[in-house]
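Work through these exercises with the coordinates open. Each task is followed by its solution.

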Amino acid sequence: FKQINLSCVTTKPAQYGKVMNRALEQLVSLLVFVYLVVCVEIPAWTSFHNDVYFKIVDPVEIGYYFRASPAKNFGKGFHKYFEHTLLVVADPLYACTPILNTHKVAGNFVLVERGECSFVEKVSVCERAGASGVIIYDNAPDNRSNLVAMVDDDKGTPINIPSLFIIGLDGFHIRRALERNSLESAIINVPINMTYVPEHQIKKPPWAKLNL
């Protein structure tokens with residue numbers, strides 16, 4: 001048999017060490033990534049069809065993760081992560097007529113109460129005022145768990161910003177906290193994908209726990 005020169009396929013100890021170091025670095029990077037996905041909040045830069053969360057950073061007394069339902073068939077999904085963006089209370093609150101506090105709404109999210117006009121109309125009014133997104137809360141403050149499906153009103157109104165719906169009790173507590181602290185807006189991070197975070201690790205509002 002012809003002798004084969006294996007010098008080209010053998011690895012010297014020093015080269016072997018470098019290869020192992022690179023492999024170890026890649027393994028550590030992979031483990032860190034898995035940890036972040038499973039144990040830590042991950043910003044989500046995509047469209048959502050299921051419920052998502054946003055976190056209130058300030059006021060700290062309501063610094064919880066709030067569950068929200070994205071609009072089902074109108075508007076745009078989340079294609080970026082909004083960190084420390086303002087959540088401004090709309091004036092007028094129902095946002096069925098032109099926004100009066102546009103200087104505060106522009107470039108931020110708007111908190112709007114359900115009622116008096118369609119979801120699409122509310123989001124459209126806020127978008128024309130320069131809003132980056134809208135969070136609509138139910139006008140029934142005793143609504144502790146039911147997230148309403150926000151659907152298109154079939155009027156053909158183009159919507160180019162994301163919108164979320166939250167329960168009435170969440171909206172009530174957010175507004176009350178702002179009033180108590182003489183604030184016109186909260187600071188939030190949105191959206192946050194908590195799909196892989198264990199339920200018990202999500203810091204939900206205390207009133208939400210009463211529904212379990």
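A helix here is a DSSP run of H or I with at least four residues, numbered from the N terminus. The model is predicted.

**Exercise 1. Locate Lys-122 and find what its side chain meets.**

Step 1. Lys-122 sits in helix 3, residues 119-128.

Step 2. Look for a charge partner. Lys-122 is buried but has no salt bridge. Glu-116 is the nearest side chain of opposite charge, 6.7 Å away. The cut-off for a salt bridge is 4 Å.

Step 3. Turn to the backbone. A polar atom of the Lys-122 side chain lies 2.7 Å from the backbone oxygen of Gly-115.

Step 4. List contacts beyond four places in sequence. Among them are Tyr-94, Cys-96, Val-112, Gly-115 and Ile-136.

**Exercise 2. Decide why helix 3 is largely enclosed by the rest of the structure.**

Step 1. Count burial. Seven of the ten residues of helix 3 are buried, so the helix is largely enclosed.

Step 2. Name them: Phe-119, Val-120, Lys-122, Val-123, Ser-124, Val-125 and Cys-126.

Step 3. Find the packing partners. These buried residues pack against helix 2 (102-105), strand 5 (109-113), strand 6 and strand 7.

Step 4. Check what comes after. Gly-130 follows helix 3, with a positive phi near 95°.

How values were computed: Residues numbered from 1 in each chain as written. Predicted model: local features only at pLDDT ≥ 70, side-chain atom pairs only at ≥ 80, totals over all residues. Heavy atoms only, no water. Helix = DSSP H or I, 4+ residues; strand = E, 2+ residues; numbered from the N terminus. Buried < 20%, exposed > 50% of the residue type's maximum accessible area, 1.4 Å probe, protein only. Lys, Arg positive; Asp, Glu negative; His and termini not counted. Polar contact = N/O pair within 3.5 Å; in protein donor to acceptor, adjacent residues only side chain to side chain. Contact = heavy atoms within 4.5 Å.
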